[in-house]
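Subject: Structure for you to look at

Hello,

Please find the structure below, with notes on what was found in it. The notes follow the order in which I would look at the model.

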Protein chains: 2
Amino acid sequence: MTQTRPYHHGNLRQAVLDRAAVVLRERGAAGLSLRELSADVGVSHAAPRRHFADRQALLDAVAADGFARLGTRLREAVDAHPRYADRLRAAATAYLDFGLTEANLVELMFAHQRGAGGAQVRQGATDAFEPLLDVFRHGRQEGVVADGDAERLGLLLVATVQGITNLVACGVVPAAEAGALLDAAVGRFPGAGA
Amino acid sequence: MTQTRPYHHGNLRQAVLDRAAVVLRERGAAGLSLRELSADVGVSHAAPRRHFADRQALLDAVAADGFARLGTRLREAVDAHPRYADRLRAAATAYLDFGLTEANLVELMFAHQRGAGGAQVRQGATDAFEPLLDVFRHGRQEGVVADGDAERLGLLLVATVQGITNLVACGVVPAAEAGALLDAAVGRFPGAGA
DNA sequence: CACGAATGTATTCAGCGCACACATTGTTGT
DNA sequence: ACAACAATGTGTGCGCTGAATACATTCGTG
């Protein structure tokens with residue numbers, strides 16, 4: 001009757017990451033405790049150490065996962081529209097949505113990276129932003145974006161939207177004004193229409 | 001000979017804040033410990049509690065202080081130039097400088113505010129950005145900025161520069177490219193010249 | 001100068017990250 | 001089949017932390 005829990009969890013790493021994502025959303029990165037996560041998942045408090053060298057390694061993994069999810073969202077948003085201007089707006093909106101829904105996650109993703117694990121997180125970030133660069137590469141084909149501007153415009157879009165997300169997330173700009181601010185920002189990019 | 005340390009420190013609150021600013025710069029917000037700060041300053045580990053209700057209250061105070069310093073820097077940068085375009089560039093450059101020099105502090109300042117102390121921090125942020133809004137108000141007098149656009153442009157400038165700072169601080173954009181990216185961003189604001 | 005408010009001290013407690021020795025299970029070569 | 005080894009989970013202990021509480025000292029003020 002009493003189903004004995006097997007000695008080996010089987011998928012402990014992913015289970016911890018999943019639980020960490022939930023706690024992160026509810027209580028922020030400061031509320032993430034390896035011991036509490038262990039208890040939640042039902043293993044001893046030392047078990048996760050087999051999968052995460054230390055607490056920072058767990059945070060890095062959560063952040064990398066976040067960038068992967070953000071990248072997927074951006075890719076979907078871009079692919080949903082054929083024309084440059086629509087792709088630009090859709091990507092920016094998707095970014096803002098993600099940032100407001102997962103404010104704590106984004107805060108962690110963009111936290112100052114110190115250790116060696118930071119390199120992997122940074123690579124994840126670069127990959128995630130690829131769809132945005134594609135928007136401007138596509139815009140160049142449509143003749144709206146000048147040659148060689150694609151990369152710089154991509155970074156500028158990331159910076160602008162991340163900045164807006166940041167301001168709204170920390171409460172300096174009311175959430176109600178986020179959309180209008182984003183529209184104003186996107187509208188200033190070449191070929192976005194007034 | 002042996003100068004007896006007085007029972008009352010005299011300026012404990014400011015001493016803790018000063019020491020916290022140093023530790024924050026060296027080791028980040030996660031490295032801030034009330035107990036260690038107490039030892040550094042030379043008081044018992046419970047003493048700071050008379051001035052900061054809990055750890056978060058200390059972080060809030062450090063953040064508020066950071067916004068005050070940022071505001072001063074921005075004001076100085078703006079006041080140093082008479083013309084709109086120069087003021088815009090100087091302010092943006094001053095912001096980026098501050099952000100790169102005090103990356104850990106800025107990260108703390110823009111951290112998601114939860115508790116009641118967040119309101120004071122948010123007010124400090126709004127005050128600090130006032131010089132930037134003034135730039136565009138001044139631009140309207142010069143006829144470069146349209147009526148009613150000042151506030152929105154100000155927030156957009158904050159968002160853009162904060163976003164760039166964020167990207168550079170977390171290592172996604174190399175520090176060497178920060179200046180060029182900032183130039184490109186500022187150049188897209190009305191009346192900034194090409 | 002007495003008395004309350006402000007400020008600092010000493011002690012205690014629970015939770016945390018981390019390190020280590022040990023236990024159990026999965027895998028692989030012969 | 002089975003021995004040896006790698007991978008994974010457990011239990012214990014240490015030092016540090018934030019927080020709560022009772023107590024001590026000093027300051028300010030009537």
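For helix pairs, an axis is a line fitted to C-alpha atoms over the stretch in contact, and angles between N-to-C directions run from 0 to 180 degrees. Helices (H or I, at least four residues) and strands (E, at least two) are DSSP runs, numbered from the N terminus.

This is a predicted model, in which local features need pLDDT of at least 70 and side-chain atom pairs count only at pLDDT 80 or more, while totals for chains, interfaces and linings use all residues. Residues are numbered from 1 along each chain as its sequence is written, chains are lettered from A and ligands numbered from 1 in the order in which they are written, and side-chain values use heavy atoms, with hydrogens and water left out.

Between the chains

On the α8(A) side, Arg152(A), Leu155(A) and Leu156(A) are in contact with Ala180(B), Leu181(B), Ala184(B) and Ala185(B) of α9(B); contact means heavy atoms within 4.5 Å. The contact of α8(A) with α9(B) has 6 nonpolar, no polar and 1 charged residues. Here Ala, Val, Leu, Ile, Met, Phe, Trp, Tyr, Cys and Pro count as nonpolar, Asp, Glu, Lys and Arg as charged, and the others, Gly among them, as polar.

Over the whole interface, 37 residues of chain A are in contact with 37 residues of chain B. The area buried between chain A and chain B is about 3100 Å², and carbon and sulfur atoms give 65% of that; buried area is the accessible area (1.4 Å probe) that two parts lose on being put together, summed over both. On the side of chain A that touches chain B, α5 (103-109), α6 (118-128), α8 and α9 (178-187) of chain A each supply at least two residues. The largest share of that side, 13 residues, comes from α8(A). Its residues divide into 21 nonpolar, 9 polar and 7 charged.

Within each chain

Chain A has 9 helices and 0 strands. Its C-alpha atoms fill a box of roughly 65 × 40 × 35 Å, taken along the principal axes.

In chain A, helix α1 (residues 12-27) packs with helix α3 (residues 55-79) at an angle of about 80 degrees, the axes being 10 Å apart. α1(A) and α3(A) are therefore roughly perpendicular to each other.

In chain B, helix α3 (residues 55-79) and helix α7 (residues 130-141) pack at about 25 degrees with axes 8 Å apart, so α3(B) and α7(B) are roughly parallel.

Regards

Note on methods. Parallel < 35°, antiparallel > 145°, perpendicular 65-115°, else oblique.
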